[in-house]
Structures are given as structure tokens and as C-alpha cells.
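Hi,

Here is the structure I promised to pass on. My notes on it follow below.

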Amino acid sequence: MLLDALLPDDAASASAADAWTLIEALYPLCRSLTGDGVRQTLDRIGERIPLIRTEVPSGTPAFDWEIPREWNLRDAWIADAEGRRAVDFRAHSLHVMGYSVPVRRTMTLEELQPHLHSLPDQPDWIPYRTSYYREQWGFCLRHRDRERLGPGPYEVVIDATLAPGHLSYAESVVPGQSTDEVLVYTHTCHPALANDNLSGIAVAVELARALHQAPTKPRLTWRFIFGPGTIGSLAWLSRNEERLGRVRAGLVLGLLGDPGVLHYKHSRRGDTLTDRAAAHVLRGTDARLLEFEPYGYDERQFCSPGFDLPMGRLTRSPNSTYPEYHTSADDLSLIRPAQLAKALQTLARLASVLDANRTPLNLSPKGEPRLGKRGLYGSVGGGAPGAFEHALLWVLNQADGTRNLLAIAERARLPFEQVEQAAAALEHAGLLRTLDRPHESEPKGPSP
Amino acid sequence: MLLDALLPDDAASASAADAWTLIEALYPLCRSLTGDGVRQTLDRIGERIPLIRTEVPSGTPAFDWEIPREWNLRDAWIADAEGRRAVDFRAHSLHVMGYSVPVRRTMTLEELQPHLHSLPDQPDWIPYRTSYYREQWGFCLRHRDRERLGPGPYEVVIDATLAPGHLSYAESVVPGQSTDEVLVYTHTCHPALANDNLSGIAVAVELARALHQAPTKPRLTWRFIFGPGTIGSLAWLSRNEERLGRVRAGLVLGLLGDPGVLHYKHSRRGDTLTDRAAAHVLRGTDARLLEFEPYGYDERQFCSPGFDLPMGRLTRSPNSTYPEYHTSADDLSLIRPAQLAKALQTLARLASVLDANRTPLNLSPKGEPRLGKRGLYGSVGGGAPGAFEHALLWVLNQADGTRNLLAIAERARLPFEQVEQAAAALEHAGLLRTLDRPHESEPKGPSP
Amino acid sequence: MLLDALLPDDAASASAADAWTLIEALYPLCRSLTGDGVRQTLDRIGERIPLIRTEVPSGTPAFDWEIPREWNLRDAWIADAEGRRAVDFRAHSLHVMGYSVPVRRTMTLEELQPHLHSLPDQPDWIPYRTSYYREQWGFCLRHRDRERLGPGPYEVVIDATLAPGHLSYAESVVPGQSTDEVLVYTHTCHPALANDNLSGIAVAVELARALHQAPTKPRLTWRFIFGPGTIGSLAWLSRNEERLGRVRAGLVLGLLGDPGVLHYKHSRRGDTLTDRAAAHVLRGTDARLLEFEPYGYDERQFCSPGFDLPMGRLTRSPNSTYPEYHTSADDLSLIRPAQLAKALQTLARLASVLDANRTPLNLSPKGEPRLGKRGLYGSVGGGAPGAFEHALLWVLNQADGTRNLLAIAERARLPFEQVEQAAAALEHAGLLRTLDRPHESEPKGPSP
């Protein structure tokens, strides 16, 4: 099938090694909803896969929201009377609450306290905090450091600009035989957090690269979107409403490098093609299936009732379920290359199933057709059929135009790949045709 | 919600104490399908809640049935030659088989035997027997007493009249914002049986009183019907066919004071609003859910195929499943005030859910609306949402016009009350409206 | 019901004894897809039940197939230089691969080997092999005998004709009150194999005979078809397409005499009348239900997507699941008369349910009708209803025109027979009518 190249262990490991180098390169950049850190992140991605980049001006409406002002942070610190920096942005980009307004004041510790965020239960970790939509400012620090602060006064500086500008996102599109689409979304707005979200970005890039390089054109068009959480997906949705009717399946990717097992979270509808394919691919593995809930990442927007897209989410440990989540402990040491490799393998199989699934129609539906005379069946009778022959019988029997190959595989309790192979042989023998052969798109031009 | 006042333990206990005094007052009255005992029962109920009373003439057709003649029993006995009463109606109203025709004869024991009913296995209990539709007469007595009877002769007297008259039933209506209705039916035809049916009458009266006294008008109109079993519900149905299309939910109440756990019996359809609300309210308690079966109380008529109303039944020990059932041992000692109180609490929560349930529509369905700017969400991001915020997200996500609040609570695995509170907040913020706001009824006039 | 006569143990045993004598008579005949052995088999069947016989000319198309040439085998052997027969068709009809082309040659063992079939794991059993659609020839023999063969040369003779002729099948039709049909198919093409397929033939004959002799005409028309596997059912289907719309239920029978438990294999749809009736009848027995799969006997053709008939399969040990399957060890010793008897009993109950099932409509659906005045209910109230009264209440309550008696029995968790008896009583009392009373067929003429 489409992504067979990614399925062997060594191929997945090689691809995961590339993902790892991208994660390393992206870790130091200061990302937020908007700003130059995001642009630099997209630059690095663009070195690996073709990208179409979009800049949406501040103030542009996106449904109930609007694109915020652009935030750029040059430096920030809390320094004591001697100028010694008790908190220093240069040491860690999590030290400044995201979207903090500029400040330059001298304050006592008492005045400063309402602006400080720390984790008493994890005194060595810096928490990740943001205030995108309310004008305020703050510092995040280790609780141990916070407790050491004297009464002050302190010089408090956030050298930032929060001004009209743009929100940046980018797409990588792999044209398919059909203009029907599979969407893959991963968020790009988190600063120095490695599992959330650099692992998702890097795995998405590797999947996209494999699809771009595949020897055959996919059946469906694959669209990868790299944008900030929430406002990024809303911005994309608001500019692509006319395209949504083409979305046949989709995934939100993130948190794919930690030591936890894989989790697939169902789409809102719970029985979409994506859901069924994921359940099929993950069966028999240690992965877990999660019911839909309206909390998480950008599936919140794609699965809002006004869109209700067939999009699930693939993660390892779900958000909020591991202690390092949204803290400085989500650093490069949390990412395991072997976990990236396994995620990539699973994702490649899932993508292959999504792409190859189709609805077959038996062209000789009255009785079984003679497989023997078409070279598809042994010529001596009396023994039991082999696995391939069994798959042929299942496909012929079920191919009444109401079931796709995935549904047939589920009913027959056979691997999708075996059913697909049987269907391909029957198509070749003229006994089957695909009902939902998607509309042929324009001839493949140069990659965008 | 509507009946919060009845939910605290002390409030339920106070209300159950009132129910108990009503049961005590009603126990001595000689009830049957018809007659003055029923009228006296309705008099007592009318002292507590507003009642509309109906008298249906004997001979009036009610579908396949007709209203029987009215039966009134003044006295009855079996006396020996010395005039000593071996069986005396004044000692217990169960001694006479219901609807016995008048008799005044002298008979030997041998002649009398076919007219005697007793329980060999429970020799100290008087059975409850009736013969509504075949003209006969009989006495019910303790088996121990029956065995002591000598050969006779006996003076056998049933001083009754069975003559054209009326069947009496009464309704108490709590007008709602809508003319859509919830029906509550409890039978009033059993003589000196405390659990079956005085407990049902008393609990229904308390629920009705609480609804009449609630500070806010219910969304739905609540109609309580007090009438005899079978022929009473048939009489009411035959006179209210045009009203049945408005019935959104309903309950038959009975047997609510014995020591057994609560049982909810599903409606015929098995998935009506009443069924779903009862399953939700009873989950996690020791109550048991029963499948529908066409045997029991007046749900037999409401759930006959020609009506198929969404009515379930709430009882403690179901009919025929406890030894005291339909015997003189179903007396005041079988009723536990604490059991009445718990039944009332559960019923109040169920009634509140039935009344508050509605279908919300998200008015900002594309993506999540910004809850923060409406004061419904914390302003600092990065942490996990609280329970209320989670409920807000669930309601918004599911409010596509196809699901009511109860269905949302079930999918979200949240208590109905939490989902309802979130919906109310979203309605207040203008993000949600109720699709099935029932038609406004006329302004609330004086109680009937 | 219809086949009550077959249900008692002694009646089933007597019928099974008749089945056994038929199996004995048929065992020596040399059957294949076509030929005189099949005709002799039909002759024997025709001595027991009325038969309509059909001869379809070779070359006649049947969907993707065509009727093959007719094969008749007179003699066959492998003889050594001394003329001693190492393999001799007269000793066992399995020795020649079915549809072998004629051969008369002298060959070394080395030349002969590709034409020999044996079972190394079961060296004392002769395998059953055929080559219906590819021109070749072969011998089947005990592996022990094969290993004893010397280097040759051998005289190899298959004295057969493979020439234009006919395919033979036969039907036995029991006309019903309706022209709607139940199909029963059993294959007739296996040579000396006792369980597969003589047990199926013999049980089908006994069921047909019982239906022909039943004191009342069945509601449905019963059609028994005796034909070769695959091409036989395809031939019948191709000549009866206009009749298929009348098929309400059906069974493929086979393998009913071995020591294994009964297995019912569902139809392709999985919830047809046949499936529901079989599940009902087999519940509580040691029988097992199998999901549909497109491998097995002639259900493969009846359940192909172009027909999708409501036909399941009743067997004991399914094909390929017992070691003697398709070998000479499937001989008369594998058949147990008690197993034939139990299969017949079960089949008779299943046939009775299929025939008696109907959709009742309550003619007094508003409330319960008065059963007492119609003599259907005890006249003294207060006690619990008996089993018959309970069945009456269930039928009345569920008879809204959407459910047949089988569905009512399933919901009520009552045996079908009890529900059917209640329905018959209610029909007699004028409270119920059958909605789907099948169209009256022509008056029953002489049996065909």
C-alpha cells in the first residue's frame, strides 16, 4: 500500500532520527500564537517539505474570535538591586507568561507576587502559562527559586511588543488522484516544550515527507497544517469553509515522543472513517482508544458542532495525564526516538488504510464467479481454501456497494491489507469495480 | 432546579411525615372501584392539594369496557346460630370480596365453602379478593379461623348495594409554562392495604403539593390522577384522548413505603424520556431497573399499543414479589417513614430532571466561542479546566439541536444538574437557546 | 403446531431409522456433479416423497458458470505388470478423482506420482478429490498403499466418459396456504461419504415426508431441492429467479449424523427470519450459533450478494472441522441414528416455528380488552396471572403490527409455542387478526 516504505523497523527508525534532529533544532526557538519564533519554526519545516505559508493580519475575524495582535519578546528579567537576574528569559523561554504585555518597573516582592506562577508540588519545574486574551503580564519560575526571593525591590522588565501584525501558519499539500482530502493538524505555538508540541510537528513532517516521496500518487489529497493552537485552526477553518465538504478523514497529532502508549481519541461522531481505521490499525497493540470529549487540542475546533469533521487525535500520553505536561520538564529528555519510530510506523499504517479504503462493487453478484478459470483459485477441489482465497470470497460476498473495504475487513476479521490485496486482484480480473473512485483531480503539477 | 426544596434529608423526612398521617387517615376507609369509600378518600386528598373531581355514570363505555355499577357495603358477617360473628366486616374491610352481590341466607358450612377464600400457607393473614365483573359473592378470612368453623348452619349476610351510580376519580393539575404534560397516576381502589395503595397515594400527594408550592412555575404541566385501577385509567383515557399527544413523560406510583429497594419499570417503548431520566437518576443507587412487561398496575393501560404513552412505574417491592402483597399483612406496620422519605427524594429529583430537560442549540457552533470574554472561563491558560468549564464545553459541543440535556449528561457522564447549570449559564450569555421551548400556556390563573 | 408429530422422542427415532435405511441404500452409488449415480440417488428419494425432476443440458449457462459435460465412470484401476490392481475403483468410489478424464496408459510410478493424492497424516484414509473444471485425471489412495507401490510400470485405466449430457436435480414441493416459500437445499454430489452428504439428504427426505403427511396444510409452501453442490444451486437459481422474491426463509442441510453438536450458521444478513427462528429454537440446547462466512456449502450461492436470500445452514460438525471430513473415514460408522433423530426433532421444531410465525394486530388496542368476559381470564381478581394469561397479555400488548410472534416471544422471553397458542386463542376470540396472512394459493391439487 501507499506507505509500505515506512513500515519496516529500520525505515521507521531512520525517519524517527530525522524527526529527532528537527526537534532539537526547534527546541530553542521562542514560539507563541504569533511572532518571529513561529516564522523561524516554519522556516525549518520548509527545509524538509514544500510549504504554502499564510500570514493573517491582526484583527481579522475568525468566527467568534479575531486574530490577536502579534507578540514578540526580546528579553525579560527580574533583577535585584545589584542587577543580578533572579529570573532570566534567556535561560528559559518558559519564564515569561505568553503574551505578557511590556513592563518596566521597580517593585517589591509583595507587589510582584500576583504576577508570579510556580508549582509548589514540583518545585524544580517551571510552569507554562499564557494570557492570550486578557492584557496582563507574568513570570513563571521554579517554586524553589520563588521561595528564595528577598523582599525586593526588584527591577522587572518584559521587553516585548504586542502590536498589530500577523498570525502565521503553513500547509503542505500532497495532491491525490482525488480532490477529497485528509487533514492533519499539529499545533506550533508552544515554546520550549518538547513532547508538546515538537514531537507532533516532527512526526507530521516525516509523514508528509514520506507521502511526497511515495512512488505512487495517493488516492486522496493529503493536507498538513502547521498552526497555533485554537486560533490557528479557527483561522484556517474560517478561510477554508468551502473546502470542508471534501474532508474524508483527519487527525490532530501531538505528544508522540513520550514513554506512554499510543492513544487514539475518537472524533465527535465516534464512527467516522478515521475512527474505524484507527480502531482497526490499533487492535491487538497496546494502544488505547479514548472516547471523544470536548477538551484537548485542535480537535475541539474541528469537531465543534458547526463543522463536525471526521477528525480524531493520535497522541501518546494525553494532555494533563503526565506530570511533566506544560512544564519545563517536558524537555528533550522526555522524547524517546524509539517512541517516535513506533508512532511513525503506526501512523503510516493508519494513513495507508485511510488512503486505500474504498467501496467495491461485485460485477458478478449472482452466485460466486468462477475464480478458477481466472487463475484465482486452486484447480483441485475438496480441500479448504487458503487465506488469500478466503479473502477473495469475503470481498466478493460483501461487495454489494454498501460496505467499504475496511468494513469488509472488520466483518471478516481479516487484516485490511489482506482484504485490499484481494480487492485489487478482483479489480484486475474485472470482477470488481470501485464505486467511490474519487473524482480525478487535475494532472499532478509541480509541487506547491 | 424545580424541586430542590424536597431534596435535603430533613425536608424529605418532614414531607414523609405528612404522607404518613394521610396514610393513617385513609387506612380505615372501605375503598373499591366505586362507592363512598373512594369519595371519602378523595375528600382527604382534597384537603391537601387542589382537586378537580369527576363522576362517571355507570354504563358509560370506556373502550372495550364500561363503567360498572356502584358498589357500597354497609355491613357483612357470618354468624353462628347464637349470633356470634365468626367473620365480621367491621373487624376488617378485607373480609368481604370486593363487589360481592348482596346476600342474606342461612347456610351450612358445606354450602358456604365455595364462597370462602383463605391462605393455607399464611393462616394468620386475610387475603384480598375481588370479583368486579362476574356477579358472585365471597368472604375472605384467616385460614386458621376457617378451620375452626363448625358445620353450621350460619347466617350469612352481605348488606351491600350494587346499583347504577358513578365511578369517582380526581385530578390535581399544576399548570406549567407549557401545556405539554407529565402524567402521574396512582390507584385508589384498594381497601385496607397500606403499602398497596396508600403509600402511592400519599407520595403522589406530597409531590403534587411540592409542585404547587414551588417558587417557580414548572416548564411542563403536571397532572396527578387519583382513580381506581384499570377501569379508572381506562375511564380517564377515554375522556382525554385528545390530550394524550401532549404527554411527554409519566409515572405510575405505588408500593413506595415497604422495606424493599426502589424499582423503576420501563415504559413499553423502553427508551422514552421517562425511562432515560429514571435510569440517570437511579444510577449509582441501590435501585433496580425492570424491563417492561404487560403485567402490573395502570401502566398496563397507558402502555397498551393504542396509546403507548411514555410512562414507567416507580415502586419499591413490585407487586406479587413480597409475601404481604394483597393480604391483611400489608398494614400500617409494613410502611417505613424513612422509606417514604427516600422515595420522595428520588421522585423529586426525577421530577426535576423531567421538567428541566430541554434541547439546547449552540448559537455559535463554528469552533468554540470565547468563553473567557464572557466571564465563563479562567483568564490564564495552560491549566486544566474545572468541572463547570468542562460542562460548558460538553454542552456547547453537543448542542447541535439533536440532543437534549439528559442525552448530553449521559454522553458526558456528568450529573444532569451540572449540565443543566452549564446550559443555563450559556443561555444567559446568549450562546445557547432552547429549541423546544414549549408553547407558552395561558397566564397562570387561580389554582383549580 | 405443524410438525408436532415429529417432536416426541419415539417418533423422531422411528423417522431417523427410516433415514438410516436410505443412507445405507445410497452409500454404494457413485455420485458426482452429474451422471447416472445422481439419477439413481434421485430414484431412491422418489420412492419416499413426490419429486419433480429436472435435467439441464450441458453447456447451459448459469450466471458466470455453465453446466459441465456429464461424467460417467464405469471402472478404473492401477494394475502392476501381473495385472494385480494396486488401486481399484470397485473397492471404493473415492479412488478416482471426480471428473477425471479417461485415460489408458502404461506409466512408471515416477510418471504416475503427480496424479496420485493421499494423506500422509492419515495414512489409512482415502481422500476425496475432484477436478470439475480443469481437464485432468487422478487417483486417490491410502498413503500406506501409496508408499508400497513399486517403480512400475503400471497399467493405468480410467474408463469414463465426459461428454455432453445433463445435470440432474429434483424438487419436492409441499403446497402451502400461501405461495410464499421456504427453501431447503441439500447437495447430492458426493460419492461414498456418509455424513457429508447422505445424512443431509436423508434428514431432508424425512422432513419433507412429514410435511407431505401433516394433517394440516402448511401456511407456507415448502420446497426441497436435491442437487449437486455449487453448480446445482446455481442451475436452480438461474431457472427460478422470478420465484426468489417469495422466499421467506430457508436452510441448507448437511452433515447431520456425526457425533458433534448442532451448528446453525447465520445467513448473510444475519438477522433474517431463519436466523431468528434458529436462535430461538436452539437457545438452551448445546447447539452453537456460527456467524455467516462465505465459505461452506450452497449457502455460498444463495447468500451471494445478487440474491442475499434469508437462508442459513444447519449441520452438526461444520465442514473441515472433523478429521474424517472428505475422506473415506466419513463412512456409515460415523453416522449415529440418535444424532439423526435429534437433528430431525430440532429441525421439526424450527420448521414449525418458521411456518407458524406471523404478524398479529390487536383489534382492541386501546387499553386491555376484557379477557374475562371472553372466557380467557380467571373471574376472581387479586391473584397473579398464570402462564397462559401472561402470554395473552404479551401478545395483546405487542401486537401493534410491527412485530411477528417470534419477536414477541423473544421480547417476552417465552417459548414461541406458548405465544403462538395465545395468539391463536386471541384470533379465535376476535381480538387479533394476522396482518401478513399470506395470499391464498390455489386449492391443493394432487401432489406433484
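Let me begin with the interface: 28 residues from chain C and 29 residues from chain B make the contact (heavy atoms within 4.5 Å). This is a predicted model, so local features need pLDDT of at least 70 and side-chain atom pairs pLDDT 80 or more, while totals for chains, interfaces and linings use all residues. Residues are numbered from 1 along each chain as its sequence is written, chains are lettered from A and ligands numbered from 1 in written order, and side-chain values use heavy atoms, without hydrogens and water.

Between them, chain C and chain B bury about 2400 Å², with 46% of it on carbon and sulfur atoms (accessible area, 1.4 Å probe, lost on being put together and summed over both parts). On the chain C side, C:Lys366, C:Glu368 and C:Arg370 lose the most area to chain B, together 28% of what that side buries.

The rule finds 5 salt bridges across this interface (a Lys or Arg side-chain nitrogen within 4 Å of an Asp or Glu carboxyl oxygen). One of the residues forming a salt bridge is C:Arg374, whose partner is B:Asp64, with the closest N and O atoms 2.8 Å apart.

Cheers

Notes: Buried area is the accessible area (1.4 Å probe) that two parts lose on being put together, summed over both.
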